[in-house]
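I opened this entry to look up a few things in one model. I start with how far its coordinates can be read.

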Amino acid sequence: MDRKTPETAGLDPVVLRDQLFELWNRKDLQTLHLAAIQGFSKLSEPLEGLLTILEGCPGKQKGRSHTLTHHILMEFLTWGKEHPQVTLSSLLQQQALELQQRALSLIRDTQANFVDNLINIYQLNSLDPAILLFSIMKLHALHCYKEAAALSIKLKLQKELNMEEMCVPLILQNKLAMAESFVTGHDHLEQQLVLLLDSWCHPNFREEEISKQFPHLSVTKQCMSLIQPKILTKHVFRLVEKFHIDQGLCPNALHKRRLDSLRFLMYKRFVEKTMTDENWSDHVQYVVADDSELQIHLVELLVKYCGCLSKASQWSLRYNVPRNRLPFGVWDTQQSLPSDLQQVGFRDSAKAEAWTPSRSHCKTFYQVPLTKENVHFVDSPEALRRCRNIVLKEGGIVGVDMEWQPTFGCISTQQVALIQLAVLGQVFLLDLCANGFCQHPDTIIFIRSLFSERSILKLGYGMSGDVRCLIATWHQLLDEPLQIEAMLDLLNVHQKIQRQKVNRTQKGPKEVAVGKKQQAEKGLSLLVQQVLGRPLDKTEQMSNWEKRPLRISQIRYAVADACCLLDVYSALSSNPAYFGLPADLRSMSSSQSGKNGDKKQKAKRATEKEECQGAQRVSPRSSNTEKGLLCGEKPSEDTPPRPPQQLRVVCDNMLQGLGRCLRCLGVDVIILENTDDHRVAAKLAQAEGRFILTCGQPFQSLRSQVGEGRCLSLDCSEKARDQAVRVLRHFNVQLTPSDIFSRCQTCNSDEYAAVPRKDMARMLQQKGFLQGNHTIQQQQQQQREEETLGDILTPGVTPEFPRTSCTLQTRTPNPLRLRSRIDICRAAALHLSLECTHKNSVESNYRHFFFLFSNGLDRRVTRKEALRMTSSARETPTSAPLEIIGFPVRHLVLKCIIPPKNQTRIVSAALRLLRL
């Protein structure tokens, strides 16, 4: 028999693997390094030996950098650099193919950080594409969708795969970023992904279509929440801009965005009443355009919002809406309208309106100290030369502002329509909508000269947005970036003033701001009010700046926006110490904000900008010793304590977690659904006298609809528990043990229905929350478990269970609106910030755990006693995932399956909550 000698056979890879594993367990990395280098040299077939080691190495599935598998792979790469002759090409073709197939199988069992190295070592890109595709589809069949997509990207096989089969599961698993990576770089795949998302934005799209096309996928409610039209529309427009795809290919998303814009315009005009009829009409025509469905929606919304059938009739006649699509009464109103009122009237206010506003306007708002003769339109090269000679004088100060057409999200970045340049005694309006003036070479040269001139101080407010619109207007600024020198952004100055204002408010009654209506203003208007005493009139802010000729009110607004910058700078320079500013404001004019790329600094500036917008928070993000501020004021120490039942609030849909936490503590909370509009919170607050809890941008519109101090803004970055503590401290709410779980998390009721166990099990089984039938033996076992509660729980803590049988029609408003088993358990575990997993099958290392909250707590439970309450319950695990012992009145007893390691954490968290 032909036997190989040890010298001929080389080192056994299994022996080397065991040796390395022993050194790894001893954490002797230096010796492991030497043993690996020497061992690889002793292997007769290093490439085959490496696979043998990796296949049998423990921890290869983890794919982390600290595993032995990863360490061995890195050592082999280091060794391979010194032995370049060890390559796959040095082996026979059949042997190399076998090693490649083994490496491909190993890739399926490991994570992505192994893939690149194994692909390079074993040259997997040279394999037959059919073999590679088979491995990818095998991963896909095992529901490893992310791993399959990642491997296809590494092997560059996206074109050979079906985009929908690969990307739809990823999207439903909230892995849209991986789907984007899958299609990136392939134009047809990029377009297919965008068209797929757009098709899901169709009003008639239903989840059944996905189930029919992909029957192996489980489409849950959580999956459907990820593909709501509102969310998908944002993704579609983001991808359209990212992949440079024509918006015309996405009609459904565009229709959804325009419909939302139309509803917004109706709210601004007929609810807030902050938009003039001229501006509203201009925007409606832009949004509706030639979309017949939007034209019908416009007529329906007019009837709904204003109730004026004559106005709805005028617009229906304008767009020739079919009679069968008209709301009730509109057709009859059309027939009764006089001929002169059958068309929407647009009066020419540009000629009728006077330059000087009314006396009431002059008393309320900031006024421009200029006559109409000192306002110059620049719409030709000749007018630009006269403007250049005056604006570009050395040592001058220029107020810079820009206006553009609002597109309501239909276009990502707008193009500038008007540039206002204010100098002492004059204002120049650069009309970029004039024929040929915008793209004239002299215009671009003038803009570059103005912004790059160091001897001219430029004043602006929030110039970053203006610069983005300039780049969208002139693409030449992308090839040769715009140089900005000597630019003083008054937004930075305003942020510093606001910080000084907060400090003065905390130290004493003295404040920088003036005026009683200061909180209603924001942005530049707020700064003008704080410094000059009167705010800006922002009525024309959202007007059609591309329509010519401009109205007098538009011109007046544009001039005021630029002139006020000069007046604010003059007032601040005359007394900088009063506003807490340096003596030389020019020292703050630099491009340092553009050079600072630190994320924390950007987040801080974003927070300060919100403060300048007038948003004052209950939970300030900056470190502050005063917790629980409401509208920047410390809660009065004389406020008497109140029980949680007396606090009635409505939580915005962005604070649903806070609402559930407050319900657990006994607070009367109405929580908006994801589909509810923010305005619903204001209506509920007005009708029922509730406080509004919200965050972000809705705070600005909601607080204007309720009384002062009735709307609170919280920090969304905080956990719901921390938010709840701030709210309770602000309102001086005093909790007692009986308040815990005195209110249902789901329906907000403060009474629990006594439902017999048999009826409860039957209802849960009908709703699909319990699997299988409950036999008589199981019911008897449940009866014995309930009887053991008297031995497990102390008599002073355990209330008696009501034995009365009652009907299901109780005063509790739908107490069983539970979407899943974990929703039932949230009342006992999830709100305590515990991450307890309730599985469908009970493993051997799990045990039953009884947990009880009730009004019967007449004393504080000690830690030892609480632990005894849990450690005594040691029964044989059954296959039932969750069983409800009962819902006694104001008592909640749950039997949860929780790992033993979490039991102590649960008891500790419960005791902390009882002491709150």
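I looked up residues 910–916 and found a pLDDT that stays under 50 in this predicted model. For residues 910–916 the model has 17 contacts beyond four places in sequence.

Next I looked up a pair of helices. Two packed helices are described by the angle between their axes and the distance between the axes. For helix α10 (residues 163–172) and helix α11 (residues 176–183) I noted an angle of about 155 degrees and axes 7 Å apart. Angles over 145 degrees count as roughly antiparallel, so α10 is roughly antiparallel to α11. The crossing of α10 past α11 is right-handed.

Which residues of α10 and α11 meet? I listed Met163, Met166, Cys167, Leu170 and Ile171 from α10, and Leu176, Met178, Ala179, Phe182 and Val183 from α11. By class, I found 10 nonpolar residues in this contact of α10 with α11, no polar ones and no charged ones.

Last, I went to helix α19 (residues 309–318), where the buried residues are Lys311, Ala312, Ser313, Gln314, Trp315 and Ser316. What covers the buried residues of α19? I found that the cover includes α16 (251–270), α17 (277–288), α18 (292–305) and α20 (330–336). After α19 comes asparagine 320, and I noted its positive phi, near 55 degrees.

Key: Residues are numbered from 1 along each chain as its sequence is written. This is a predicted model: local features need pLDDT of at least 70, side-chain atom pairs count only at pLDDT 80 or more; totals for chains, interfaces and linings use all residues. Side-chain values use heavy atoms; hydrogens and water are left out. pLDDT is the predictor's confidence in each residue, from 0 to 100. Contact means heavy atoms within 4.5 Å. Buried means under 20% relative accessible area, exposed over 50%, partly exposed in between (1.4 Å probe, protein chains only). Helices (H or I, at least four residues) and strands (E, at least two) are DSSP runs, numbered from the N terminus. Axes are lines fitted to C-alpha atoms, for helices over the stretch in contact, and angles run from 0 to 180 degrees between N-to-C directions. Angles under 35 degrees count as roughly parallel, over 145 as roughly antiparallel, 65 to 115 as roughly perpendicular and the rest as oblique. A crossing is left-handed if the near helix is turned anticlockwise from the far one by less than a right angle, and right-handed if clockwise. Ala, Val, Leu, Ile, Met, Phe, Trp, Tyr, Cys and Pro count as nonpolar, Asp, Glu, Lys and Arg as charged, and the others, Gly among them, as polar.
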